[in-house]
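Please look over the sequence and the structure below before reading on.

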Amino acid sequence: MLAQGFDVVIVGARCAGSPLAAMLARQGVNVAVVERATFPRDTLSTHIFETDGLAFLDRLGVTDQLRATGAPFMKRSNSRADSFQFNAPWPLRSGDIGGGASVRRTVLDPILAGAAEEAGAEVRMATEVTGMIWEGSRVTGVRVKTHGREEELRARLVVGADGRNSTVGNLVAARKYNVVPGQRFAYWAFFSGAHMPAEPSNVFHRWDDKFVIAAPCDEGLYQVIVVPEFSQLQRYRADLDGSFMADALTCEPVAEALAGAQRVSKYFGMLHWTGFFRDPSGPGWALVGDAGHFKDPSAGRGISDAFSQVDALAPAVVEGLGGSPEAQDAALARWGRWRDHEFSDHYWFANDLGKSGAVPTVFAQMVADLHARGEIGRFLDLFNHRERPSQVLSASRLFGSAGRLLRHQHQGRRALLNEVRTLVGENARHQFLNHRHAYITAAEAMKPAGATEVDESSVA
């Protein structure tokens with residue numbers, strides 16, 4: 001069997017793997033990326049990334065290529081939380097180039113892989129990992145197969161950037177914790193000829209049991225995502241087009257955009273997902289992006305979160321490579337503790353957004369109160385990962401908004417108090433789990449966390 005040596009082997013060439021490879025290669029690291037697909041190849045994704053994601057891609061040097069796709073950088077948010085609706089400028093800081101964008105993964109992923117190659121990384125497509133190479137308890141490389149040819153790739157570090165059903169994560173038996181099953185499913189499609197606002201805007205409407213997201217996309221397309229409750233799945237299976245359009249058109253800005261528009265894609269479906277954290281690293285290995293942490297896609301943070309993790313992981317990898325194996329493990333462990341601290345609040349926030357049932361009345365009031373105080377940008381910055389939910393949607397704000405509701409309503413007071421009591425209890429449990437992780441069994445950790453690739457089961 002052929003063998004080749006690298007400093008780092010990265011498994012997966014999408015939103016985590018390719019940017020990490022580019023950043024490492026630019027610092028002189030000898031890095032290989034292996035990807036089982038051949039690009040362009042679609043994957044199940046919201047396709048949306050926010051302000052911080054755009055800023056990361058600008059630092060990566062691919063802004064001109066992003067602009068060339070025709071995807072407008074969004075400037076406003078048309079949002080709804082139950083009965084409260086607002087249209088506000090997307091919050092930007094010095095150095096930001098836009099409020100976010102939607103770029104189809106068949107377009108975005110090749111741009112990222114190209115950046116890795118241009119930086120000097122060796123990118124191998126159509127290459128599948130078949131096993132790990134071990135020296136005692138330490139990973140020292142991977143076994144791969146490319147068009148039937150088997151090979152060993154030796155490395156100081158193997159990084160799994162291969163999605164939430166990570167092969168690397170399974171082979172090293174990385175444990176999962178704080179696992180939360182999704183309570184909704186999602187379908188999305190792309191339309192041409194949509195009537196979009198003069199200022200590019202995203203739509204994020206969550207009311208009653210409805211949930212609709214939309215955004216302008218590359219090549220002048222308009223993307224619409226509908227996120228129904230599981231109770232609606234049979235209706236969708238019986239009449240996908242009718243059910244999708246009926247739900248999409250209940251959202252006023254989407255109905256306006258789609259008047260006279262034509263659907264130009266198939267329907268893509270994501271029918272099951274499970275949120276989790278996973279052990280971030282171990283002797284000779286690390287997991288980044290969805291491989292190590294996946295949250296409910298309702299917040300649309302998967303792509304930008306991968307970028308954020310990579311941004312912090314790259315210097316930790318370089319630091320570790322400069323020392324002993326033990327020093328490398330310590331550097332990666334520090335990064336892993338940072339990851340859990342950085343994303344725990346947002347994990348539970350995304351889970352709350354994706355729950356079935358109506359929007360909590362007090363949550364909508366909290367958003368309205370932020371808007372009334374001129375602080376709605378802080379709420380939108382939750383989606384930019386620049387504010388923490390525990391600070392913006394704090395206990396004091398919860399009680400203040402609940403008090404305002406109680407003063408102005410005479411019916412439903414008991415229901416409101418029960419709602420507040422439930423939210424406080426859930427928050428206390430989440431904070432406990434952030435410090436005392438609830439691990440699942442090794443067998444449960446191996447189960448699929450939901451389909452990741454676009455195939456016949458996800459397209460109609």
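Across the whole of this predicted model, a search finds 33 salt bridges. Side chains of opposite charge can pair when their charged atoms come close.

**Arginine 124 and glutamate 151**
- Arginine 124 forms a salt bridge with glutamate 151, and their closest N and O atoms are 2.9 Å apart.
- The pair links distant parts of the chain, since arginine 124 belongs to strand S7 (residues 122-124) and glutamate 151 to strand S10 (residues 149-160), 27 residues apart.
- Arginine 124 is buried, with a relative accessible area of 12%, and glutamate 151 also counts as buried, at 5% relative accessibility.

**Arginine 388 and glutamate 342**
- In the salt bridge between arginine 388 and glutamate 342, the closest N and O atoms are 3.6 Å apart.
- Arginine 388 lies in the loop between helix H12 (376-380) and helix H13 (389-392), while glutamate 342 lies in helix H10 (residues 325-353), so that the pair links distant parts of the chain, 46 residues apart.
- Both arginine 388 and glutamate 342 are buried.

**Lysine 355 and glutamate 426**
- The side chains of lysine 355 and glutamate 426 meet in a salt bridge, at 3.0 Å from N to O.
- Because lysine 355 lies in the loop between H10 and helix H11 (361-372) and glutamate 426 in helix H15 (residues 413-435), the pair ties together parts that are 71 residues apart in sequence.
- Lysine 355 counts as buried at 19% relative accessibility, whereas glutamate 426, at 25%, counts as partly exposed.

**A network**
- Salt bridges also link Glu50, Asp52, Lys295, Arg301 and Asp305 in a network.

Key: Residues numbered from 1 in each chain as written. Predicted model: local features only at pLDDT ≥ 70, side-chain atom pairs only at ≥ 80, totals over all residues. Heavy atoms only, no water. Salt bridge = Lys/Arg side-chain N within 4 Å of Asp/Glu carboxyl O. Helix = DSSP H or I, 4+ residues; strand = E, 2+ residues; numbered from the N terminus. Buried < 20%, exposed > 50% of the residue type's maximum accessible area, 1.4 Å probe, protein only.
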